[in-house]
Amino acid sequence: MIWPLAYNVRTFRVRYLDQQSGEWRESWDTRSPDTPYRLPRAVELGLVLIAPDPEDPTGEQTID
């Protein structure tokens, strides 16, 4: 069974923290020479969701 994390997602971003360099990376591959058989120290997930604009009386406008 699949359970959605969120609905109305405008953007989804994943970054990985490299323990050795202390820098965030946009990609991670345990088979690459840069990160052989290593897992990231931390993973950051970023979501921008679409929601109705509370200031719009018609309910047609959305905000991020």
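Start by selecting Arg 25 and Asp 18: their side chains meet in a salt bridge, with N and O 3.1 Å apart. A salt bridge here is a side-chain nitrogen of Lys or Arg within 4 Å of a carboxyl oxygen of Asp or Glu.

Before you move on, a word about what's on your screen. This is a predicted model, where local features need pLDDT of at least 70 and side-chain atom pairs count only at pLDDT 80 or more, while totals for chains, interfaces and linings use all residues. Residues are numbered from 1 along each chain as its sequence is written, and side-chain values use heavy atoms, leaving out hydrogens and water.

Is Asp 18 buried or exposed? Asp 18 is buried, at 3% relative accessible area, while Arg 25 is partly exposed at 27%. (Buried means under 20% relative accessible area, exposed over 50%, and partly exposed in between, using a 1.4 Å probe and protein chains only.)

Next, pick Asp 29 and Arg 31, another salt bridge, at 3.3 Å from N to O. Asp 29 is partly exposed at 31%, and Arg 31 is exposed at 72%.

Then select Arg 13 and Glu 44. Their closest N and O atoms are 3.3 Å apart, making a salt bridge. This pair links distant parts of the chain, 31 residues apart: Arg 13 is in strand β1 (residues 9-17) and Glu 44 in strand β3 (residues 42-49). Strands are DSSP runs of E, at least two residues, numbered from the N terminus.

Terms used:
Helices (H or I, at least four residues) and strands (E, at least two) are DSSP runs, numbered from the N terminus.
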